[in-house]
Amino acid sequence: MSATKAIAEDTTATFHGWASTGALPLKKFSYHPRPLGPKDVEVEISHCGICGSDVHTMTSGWGELSGPCITGHEIVGTVVAAGPESLRQVGDLVGIGAIVDACGECKDCKEGFDQLCKKSTFTYNATYNDGSDAKSYGGYADRVRVNSKYAHKIPSEISAAEAAPLLCAGITTYAPLKHFGAGPGKRVGVMGIGGLGHLAIQWAAAFKADEIVAISTSDNKREEAKKLGATKFVNSRNEEERKAARHSLDILLLTSNDKNTDWAELIDYVANHGTLVLLALPEIPTIAVPPTSLLLRHVSISGSLIGGWKITQEMLEFAAKTGVRPWIEKMPMSDANGAIKYMMEGRPRYRIVMETEAAARLQKH
Ligand SMILES: [Zn+2]
Ligand SMILES: [Zn+2]
């Protein structure tokens, strides 16, 4: 038997949360956090949004868990302890998204794509690549310790509860729209009006895209899409509306996909030279796309994963200025299983944010 390296943890501290061991329901779970490093902060969590990724992870849809997993990567809270080199101070309201560490030195990190860094660490169900082998735990908990670089300062214009979904759903939609140049002269489509889509529409409107087309499988969200800033609504099951929207979009964000996704139909919405951008990972290993659109119409298929620390901070400041905010429903974290059930039934309009007891203690926000 080979010797196993001791995992770095601070046995003087115990954090409490809700964990999955691969299936629901979530169970109460306590753990010792990694030691508070010189650049780290300890955050008392007041809010945590529920992301689709949390559900894929906690139900083992993306594979087996490495151990009890506290999900949650739309975390907001107050700094209660800070290392001597921390970028944040005790009392700061901060937000933590889907990554908590990266090397800071590789090409990806230098170009602002630290989420693609080989040494980056996801906020939960991951192991730190900094030599400590510490496990990462997410935000369905009372506290978390992370590198202060990834504890983003929340602008005072944004409430703590509304800030939470910006940390994943917000950056997941903001970054690709920025990257692919959404703005004047561009026609943007958003397929799926939910936690991601309702923010994507608002960003595209704030970027002043020529057209913002909300595409959904039913008419339920037609009015709400317009309120969010869509200039047009397409019910994808309405043959006439679908045909009228053919080859019309320069950028099409796809907020969810699964084994039943009709890729030919999706690509049909994209204009010549346009790009279809995947924002969510399905629970299947491969997708099949018709090659003719790629070759005969120069359509590209791309994907986008959250955003690095720099663009995440920029996104928060842009939201503060432009008024882009998630539409949220608050639920108590003490009933995390109830919140997950509500989420899995597809009922939230549009993002659930769980609150801990610390929420009542926040002075402002
Ligand atoms: Zn997420
Ligand atoms: Zn790196």
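Is Cys 109 buried or exposed? In this predicted model, Cys 109 is buried, because its relative accessible area is 11%, below the 20% limit for that class. Cys 103 counts as partly exposed, because its relative accessibility is 30%.

The largest nonpolar core holds 56 residues. Within this core, Leu 166, Tyr 174, Leu 177, Val 188, Ile 201 and Trp 203 touch the most other members. At least two core residues come from each of α3 (160–179), β12 (187–191), α4 (197–206), β13 (211–216), α5 (222–228), β15 (249–254) and α9 (309–322). The most are given by α3, with 12 residues. Two domains take part in this core: domain 1 (15–153 + 327–361) and domain 2 (169–303) each provide at least three residues.

Tyr 174 illustrates the contacts made in this region. Leaving aside residues up to four places away in sequence, Tyr 174 touches Trp 203, Phe 207, Ile 311, Glu 314, Met 315 and Phe 318. A second core is separate and comprises 37 residues. Among them are Val 41, Cys 48, Ala 134 and Val 144.

Conventions
Residues are numbered from 1 along each chain as its sequence is written. Chains are lettered from A and ligands numbered from 1 in the order in which they are written. This is a predicted model: local features need pLDDT of at least 70, side-chain atom pairs count only at pLDDT 80 or more; totals for chains, interfaces and linings use all residues. Side-chain values use heavy atoms; hydrogens and water are left out. Buried means under 20% relative accessible area, exposed over 50%, partly exposed in between (1.4 Å probe, protein chains only). A nonpolar core is a set of buried Ala, Val, Leu, Ile, Met, Phe, Trp, Tyr and Cys residues joined through side-chain atoms within 4.5 Å. Helices (H or I, at least four residues) and strands (E, at least two) are DSSP runs, numbered from the N terminus. Domain bounds come from an automatic or database domain assignment. Contact means heavy atoms within 4.5 Å.
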